Amino acid sequence: MTKKLGFAAKLVGFFVLFGICYYVYCRWITPKFFTDTDWPTTTTFAGFYDLDRDSVDVLFLGSSHGVTSFCPQEVYNQYGITSYNLSSDQQGLVTSYYWLKEALRYQTPKAVVLECYFCFPYIAEEPLNTDESYTRKAIDFMRWSPVKSEAVRTICEIDANQDAWSYYLPHLRYHERWLWDNPDRNDYTYRTMAEHSELKGYSPLHFYLGEKGEGFEPHDMAAAAGYAEMAPLMLEYLDKINELCREKDISLILTITPAVSANIDMCNAVQAYADREGCTFISFNEQNVYRQMGYRMDIDNCDDGHPNIWGAVKVSDYIGSVLSGQFGIESRTAPQWEATRGDYDFTLDACERWHVGEVDAYLSLLNHEQYTLVITYQNDVYMLEESTVEALRGLGLSGDLVGQDGGNYLAVISGGKVLTEQLTFEEAEYQGALEGGCIPLYARSGRTEWGGGMTSVYFGEEDYYSENRGLHVVVYNNQKRKIVDNRWFET
């Protein structure tokens with residue numbers, strides 16, 4: 001009897017150990033999308049589970065248009081309303097519905113704001129109106145529960161090309177990933193990267209649409225009679241979302257965010273649905289809303305479909321005023337939103353940096369602990385303006401460069417600390433490592449054999465090289481773990 005019990009215990013132990021190893025393996029091979037990409041889907045959904053229960057008053061759902069339009073921190077800063085953005089790139093309404101069901105296991109929101117671009121045909125040949133890979137991005141990191149099981153079953157019933165077993169046993173889908181997409185460092189640092197959800201599902205863009213947006217005319221919806229046809233499956237799941245919100249006594253707000261690609265017929269169709277079902281609809285392309293926001297498509301959008309961060313501020317401020325004024329959602333002090341005010345300010349500065357061309361103003365935006373900076377200068381160091389030297393001192397450098405005759409200058413700053421500062425007539429060089437030795441750093445400032453300036457910088461596999469003379473600045477984001485900017489100033 002004792003031998004049998006011992007054997008049973010060993011067998012149970014074996015299967016427990018096997019299960020743990022298999023879970024770790026599947027987590028390792030499943031693709032991850034963190035803040036080192038423009039669409040950090042994994043961060044969004046992993047971060048949701050880190051929220052305190054019943055701390056969210058508003059949920060945002062939708063496609064990439066929603067990801068870049070609704071900034072929960074801006075809504076909180078202006079109105080004290082707690083929100084989280086569960087939108088993701090190419091998120092169809094089937095995915096939106098199941099993420100709403102999943103969110104309601106943890107939160108009791110007063111309102112749901114649904115971005116409706118994907119109500120209409122997007123990839124008509126795809127049963128889910130979106131590519132399979134985008135559905136996987138959104139569902140893979142949902143926790144297992146009856147909600148996820150139902151979602152997987154529904155997805156595979158709609159799309160016969162998808163295999164339910166591949167959701168339960170991810171190695172069936174990703175076992176060859178190491179062949180066609182070698183696992184990278186994110187596969188080994190899931191917890192570290194996943195915890196950086198300070199923007200709560202919002203993803204900032206910083207480019208300007210420019211002249212393509214200059215001729216945009218906001219919609220006069222009263223003067224238009226056309227209606228776009230919604231995709232039948234999307235309409236079915238819009239109804240399900242509406243029914244679920246009614247069942248839970250949640251206000252549903254439908255939106256079309258600022259987009260050249262969102263025509264007036266699409267907006268009319270969503271308005272007709274809202275009128276029929278008693279929902280609120282806000283078209284941010286409608287002329288009164290557009291002008292009230294002070295929106296400009298050329299400078300507030302990144303492309304023809306997505307607001308940049310300055311457009312998102314305007315959209316978020318507007319939706320915040322609606323949530324506060326029309327729906328009576330009250331302000332509150334929430335520790336998890338208070339704690340990320342500084343991260344949001346940093347993000348605003350980081351986006352502003354892209355559009356600053358003057359060297360002193362640019363340097364003034366780099367004084368953040370999230371950055372590692374490599375600053376080099378070759379040959380004519382004495383030509384630096386006193387104001388530029390002062391800007392360098394503002395970063396913590398000694399800045400004894402005024403009047404120096406020639407030489408190579410190299411400075412490395414990480415986390416607000418100066419790691420090296422060299423001014424030498426020889427080649428200046430630095431070798432070190434970041435993040436506890438995980439990411440090697442190499443920087444060199446010198447001259448080419450033709451007498452020109454040369455800067456070479458490596459952060460792990462990220463590299464920068466230039467042979468221009470002048471001031472070089474390479475900016476590495478320690479949190480995103482990538483080079484986020486490099487500039488050359490001919491001073």
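All the views come from a predicted model.

**View 1. Helix α13 and its packing partners.** Let's start with α13, which covers residues 264-277, 14 residues in total. From first C-alpha to last the helix reaches 20 Å, close to the 20 Å expected at 1.5 Å a residue. Its buried residues are M266, C267, N268, A269, V270, Y273 and A274.

View 2. Look at the N-terminal end to find N263, which caps the helix. A side-chain oxygen of N263 lies 3.0 Å from the backbone nitrogen of D265. Just after α13 comes G278, with a positive phi of about 75°.

**View 3. An open sheet of five strands.** Here you can follow the strands in the order β8-β7-β6-β13-β14, with antiparallel pairing. β8 (417-424) and β14 (482-489) stand at the edges with a single partner strand each, so one side of each has no neighbour in the sheet. Neighbouring strands are turned by 10° against each other on average, direction ignored. As a reminder, strands of a sheet pair through backbone hydrogen bonds, either parallel or antiparallel.

View 4. For a handy place to begin, pick S414: its bridge partner in β8 is K417.

Note on methods
Residues numbered from 1 in each chain as written. Predicted model: local features only at pLDDT ≥ 70, side-chain atom pairs only at ≥ 80, totals over all residues. Heavy atoms only, no water. Pairing = 2+ DSSP bridges. Helix = DSSP H or I, 4+ residues; strand = E, 2+ residues; numbered from the N terminus. Axes fitted to C-alpha atoms, helices over the stretch in contact; angles between N-to-C directions. Expected span 1.5 Å × (residues − 1). Buried < 20%, exposed > 50% of the residue type's maximum accessible area, 1.4 Å probe, protein only. Polar contact = N/O pair within 3.5 Å; in protein donor to acceptor, adjacent residues only side chain to side chain.
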